[in-house]
Amino acid sequence: MTQPEAVAPLLDVRDLHVEFRTRDGVAKAVNGVSYSVRAGETLAVLGESGSGKSVTAQAVMGILDSPPGYVTGGEVLFRGEDLLTMGGERRRRLRGAKISMIFQDALSALNPVMSVGAQLGEMFSVHDGMTRQDSRAKAVQMMERVRIPAAKERAGDYPHQFSGGMRQRIMIAMALALEPDLVIADEPTTALDVTVQAQVMDLLAELRREYRMGLILITHDLGVVADVADRIAVMYAGRIVETAPVHELYAAPAHPYTAGLLGSIPRLDHKGKELHAIKGLPPSLTDIPAGCPFNPRCPRARAVCRTDRPPLFDVAPGRASACHFWKETLDDAG
Amino acid sequence: MPEPEPREPGSLAPDEAVTPAGGGASSLATSDAETLEGGPIPGGTASGKARSLWSDAWHDLRRNPVFLVSALIIVFLVLIALWPGLIASGNPLQCDLAKAQEGSQPGHPFGFDTQGCDVYTRTVYGARASITVGICATTGAALLGSVLGGLAGFFGSWGDALLSRTADIFFGIPIILGGLVFLSVVTGGSLWPVVGFIVLLGWPQISRIARGSVVTARQHDYVQAARALGAGNTRLLLRHIAPNAVAPVIVVATIALGTYIALEATLSFLGVGLKPPTVSWGIDISNASTQIRNAPHMLLWPAGALSITVLAFIMLGDAVRDALDPKLR
């Protein structure tokens, strides 16, 4: 790897804005998100449903449904080149080959009328122009790679004939088939049983190490994040509210929302006590509160929070928090 | 059709079997998983070969008596349309006025019409016109409608709006009135103007269905996933969307085939469709209608043949719909 590549981030999202123009008004799903991923790094994007984490990923991949979704501002730099201004055909060639994506529910993300071998093989025939036989052979290899038993016999089977864990393995095989530089995994284990979740996450982490890929792991599950991620970005109402290296964030959150999330994990040593929950609901994206979007639910909210939107304050090297009172929050946690 | 997987806690598939609890601590989990996964394969392979939507549908159809009966009738109709000589030795245009309107007699089971032509022979030969018009018009309307509707549904925007409004206009044309006007301008009395007219009025129905099912299919995750993994528009349409959107089009087209045959007969009955010397049930019904009191057999046989044909295609369409979309049952 050459020197500039090692320094420059693999993917650099800068001030991304996405909105959905619906009949009921404009929903501002992403409001100035910035994050970056270096080669070989795992970034976890954490947030509730509707926080804009998946929409950001779709905008990066260029698979936003438009209408109604539109990218209204910002840059998505992949190896220094803006994906948003790139020609459609060029961008299509990058998809799958250089940047690829793992979807949440493999049953709905796999074509029900194509055998899994054919779908996997398509990766090779679309991008590398392989013949049918060659791509089929590569597909079987990939299925073995993600440890699907009897891969050769099962290549002709259809997605509904596989169990949930096996289907997600096939999804992973498709995403990793061409050894991309960056993989975006959108809640890859949410649809799976807890026991299978661990297997699939371990497989993903192992393959990521082997191929030295950058990984963006989108999730709402704090448990999944802790073992695999290097850094975490917490999203709320279409903004990043805190970024930090994973262990520092767990040890001492610098944003009340993160603190609330960590506090609402059920813990064995709190058995019998009331489970802490963040009060209220996430804001409607058509009507985001003025000031800090978290202020109606925030235990620390004061007058300034209702009027001034906090920028991302640098908390420590590699750490930032969008809270006026990050210092107090950090002190309380520590 | 994808079957929803049962997810009772008791019936974990082998790959979902237990790993050491707490996924966090275990780099061991993967190796454990490997040994566990060596067991029997979950899913449907135990019961036999992989079954696609189409082989599933075929499996259902073979057991459906409605399908078997209607398919038999249709095969028979197609055979006599191709080779009417198989069961009728006479010539439908060779008539003997001396025998006009006579009833059934040996060698002429259905009797004779006003011109003294053998009704049996004419009924058999009439199948050719009906089947040809039906199949050609359906093929034309289905191709035109599904290509236009599919593209409109996939690309959306102004092309979609334009097509939908154009289809609305064609929907607004009263079919009989339109036929009277169109076919009195485009003369000839042969099959092709009739086929052309039916295609012209038939494609909007198919295009609406095709557009709708493409719009639905386009929103599926697997289309988005295929796009995210680098598939272009052509591949998305042909490999991922079309196979998942074609079933409703096939169903509607099969049912439409029956109604197109009835439409051809109606137009011929009104004197603007097929014209003699072409042999058509519609023409014969038209000739017979004035003689219904003196010679009901002249009406009975061609009308019966027409009804059975139309019914067979509509029943086939129903059976195909049941097989392709079990949810509708």
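## Predicted complex: chain A sheet and chain B helices

Four strands of chain A form an open sheet in the order β2-β1-β4-β5, with antiparallel pairing. Strands pair if DSSP finds at least two bridges between them; helices (H or I, at least four residues) and strands (E, at least two) are DSSP runs, numbered from the N terminus. Strand β1 (residues 11–22) of chain A runs antiparallel to β2(A) and is joined to β2(A) by 10 bridges. A:Leu11 has A:Val37 in β2(A) as its bridge partner.

The model is predicted: local features need pLDDT of at least 70 and side-chain atom pairs pLDDT 80 or more, while totals for chains, interfaces and linings use all residues. Residues are numbered from 1 along each chain as its sequence is written, and chains are lettered from A and ligands numbered from 1 in the order in which they are written.

Chain B has 11 helices and zero strands. Of its 329 residues, 42% are buried (20 or more other C-beta atoms within 10 Å of the residue's own, with C-beta atoms placed from the backbone). Among chain B contacts (C-beta atoms within 7 Å) with a separation of 6 or more, 69% link residues 24 or more positions apart.

| Part of chain B | Mean pLDDT |
|---|---|
| Helix α1 (residues 28–36), lowest | 38 |
| Helix α3 (residues 65–82), highest | 92 |

Residues 1–48 of chain B stay under 50 in pLDDT. Where pLDDT is low, the predicted coordinates should not be read in detail. For the complex, the predictor gives an ipTM of 0.77 and a pTM of 0.74.

Methods. Buried ≥ 20, exposed ≤ 12 C-beta atoms within 10 Å, placed from the backbone. Contact = placed C-beta atoms within 7 Å. pLDDT = per-residue confidence, 0-100.
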